[in-house]
Amino acid sequence: MEKIRVKGGSTLEGEVEISSAKNSVLPIIVACILCGDKNIIKEAPLLEDVYVICDVLKELNASVEINEVKRELTIDTKNLIPNSANSELIKKMRASFLIMGPMLTKFGHAKLSHPGGCNIGTRPIDLHLKGFKALGADISIGHGFVEAKASKLIGNRIYLDFPSVGATENIMMAAVYAKGTTIIENAAEEPEIWDLANFLNSMGAKIYGAGQGKITIDGVDELRPVVYRPIYDRIEAGTFMVAAAITKSKIKINGVNEEHLRPIIEKLKECGVSIDIVENEKMIVDGRGILKPVDIKTLPYPGFPTDMQAQMMSLLTLIKGSSIISETVFENRFMHVQELIRMGASIKIDGRTAIIEGVDRLTGAEVKATDLRAGAAMILAGLAADGYTDISDIYHIDRGYVNIEEKLRKLGANIERINI
Ligand code: EPZ
């Protein structure tokens with residue numbers, strides 16, 4: 001079985017390059033369905049999830065060339081065949097459900113496997129379907145499939161009960177070819193929403209207000225192909241910022257957007273980490289000072305990101321005093337707690353709240369990656385623990401991080417991928 005082995009105690013130094021954002025690239029690849037021509041995505045992060053979403057498009061008869069040297073995707077959707085995509089692939093990765101909006105608005109029909117939940121929560125799709133219905137689609141659910149039909153979508157006003165990232169993206173893409181104007185209220189404001197809208201607008205869509213709570217989409221008739229470079233991955237950057245803090249190191253992170261990282265920067269500064277933005281899109285993070293406990297509440301952007309909750313918890317287990325983390329976005333995103341306790345952490349869970357008492361040291365152990373970000377959190381804990389930490393189920397990690405162990409090794413970490 002493949003594992004990642006970390007030997008704790010190394011100090012990190014030097015520079016790390018951040019890749020493009022996974023949670024931008026996935027919807028952007030899907031949005032290529034809307035433009036029946038050849039789009040090129042540059043600096044694509046070659047992650048497991050990117051390969052899966054490309055396979056989904058290939059299922060629909062798109063041609064996808066992946067140039068691994070140039071990290072460039074060429075996606076040609078000239079000959080798309082609207083059929084129901086492979087349910088195994090849809091189940092494998094929830095983001096595949098994002099093809100429903102583009103397929104519905106382009107072909108008037110989409111039938112996909114119900115994405116189901118995953119281990120961080122039930123991951124419902126009711127808000128996606130509420131949006132499609134508001135645009136005039138007939139929706140049916142049965143035998144594990146979701147089917148949507150509409151001869152022509154008609155613009156409408158849609159209020160999202162929760163600022164769901166996926167629902168905002170799916171509805172926004174569906175509205176691109178709808179007749180008239182669509183307004184999405186209480187829309188998600190994550191930077192990846194802005195990036196998707198920016199990509200669509202560069203192809204000729206008319207989307208206004210993306211990245212704010214209210215998005216207006218004026219329907220158009222066609223889009224033209226473009227070459228596009230997505231934004232940097234703020235969660236990967238945040239993960240390396242915590243790596244500097246938990247190993248009491250000073251490192252340089254190249255590929256950052258200060259505004260996108262604002263909630264993470266502010267929280268780490270409150271902890272006592274020093275952070276300076278230097279040159280253009282670069283950051284110096286210095287975690288060598290005395291750090292103090294903090295309280296965190298995860299919230300939709302611009303609040304503290306749920307995708308950084310596990311990584312911050314690893315850091316807080318080693319900061320003297322009591323810290324409190326409230327996870328308000330997902331109902332079951334504390335599975336890393338048991339794994340951290342195996343390493344000697346002192347954490348109590350009360351519903352969606354975790355109380356962390358800082359301990360003097362963590363000890364290396366055999367642990368599991370219970371989801372993508374929990375896997376990153378275990379690597380971070382291993383960097384600071386005494387001895388060896390062997391992390392299994394690392395396929396979770398490969399879904400969202402490009403060569404994380406190589407990037408950490410270049411910074412001086414004692415980390416390798418082993419087969420045992
Ligand atoms: C996106 O997932 C991200 N994934 C997640 O990142 C991220 O954690 C999440 O947004 C929140 O920021 C991608 O972008 C591919 P949501 P998504 O819809 O779109 C509820 C990672 O680690 N909800 O904003 O699925 C839902 O139950 C991954 O990179 C409804 O109630 O997230 C959840 O509690 C993990 N009804 C909350 O919204 C719906 O129809 C947030 O979900 C949809 C969602």
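Reader: How are H8 and H9 oriented to each other, roughly parallel or roughly antiparallel?
Author: In this predicted model, the axes of H8 and H9 cross at roughly 15°, which is under 35 degrees, so the two helices are roughly parallel to each other. Their axes come within 10 Å, and H8 passes H9 in a right-handed crossing.

Reader: Nice. Which residues make that contact?
Author: From H8 there are Arg234, Ala237, Gly238, Met241 and Val242, and from H9 there are His260, Leu261, Ile264, Ile265 and Leu268. They divide into seven nonpolar, two polar and one charged.

Reader: And H8 with H12, what's the angle there?
Author: H8 (residues 234-246) and H12 (residues 372-384) cross at roughly 20°, with axes that come within 9 Å. H8 and H12 are therefore roughly parallel too, and their crossing is right-handed.

Reader: Who's touching whom in that one?
Author: H8 brings Ile235, Thr239, Val242, Ala243 and Ile246, while H12 brings Arg373, Ala376, Leu380, Ala381, Leu383 and Ala384.

Reader: Switching topic: how do S7 and S8 run, parallel or antiparallel?
Author: Antiparallel, with five bridges joining S7 (residues 138-142) to S8 (residues 145-149).

Reader: What about the turn, how many residues are between the strands?
Author: Two residues, and in this hairpin His143 takes a positive phi near 50°.

Conventions: Residues are numbered from 1 along each chain as its sequence is written. This is a predicted model: local features need pLDDT of at least 70, side-chain atom pairs count only at pLDDT 80 or more; totals for chains, interfaces and linings use all residues. Side-chain values use heavy atoms; hydrogens and water are left out. Axes are lines fitted to C-alpha atoms, for helices over the stretch in contact, and angles run from 0 to 180 degrees between N-to-C directions. Helices (H or I, at least four residues) and strands (E, at least two) are DSSP runs, numbered from the N terminus. Angles under 35 degrees count as roughly parallel, over 145 as roughly antiparallel, 65 to 115 as roughly perpendicular and the rest as oblique. A crossing is left-handed if the near helix is turned anticlockwise from the far one by less than a right angle, and right-handed if clockwise. Contact means heavy atoms within 4.5 Å. Two strands pair if DSSP finds at least two bridges between them. Ala, Val, Leu, Ile, Met, Phe, Trp, Tyr, Cys and Pro count as nonpolar, Asp, Glu, Lys and Arg as charged, and the others, Gly among them, as polar.
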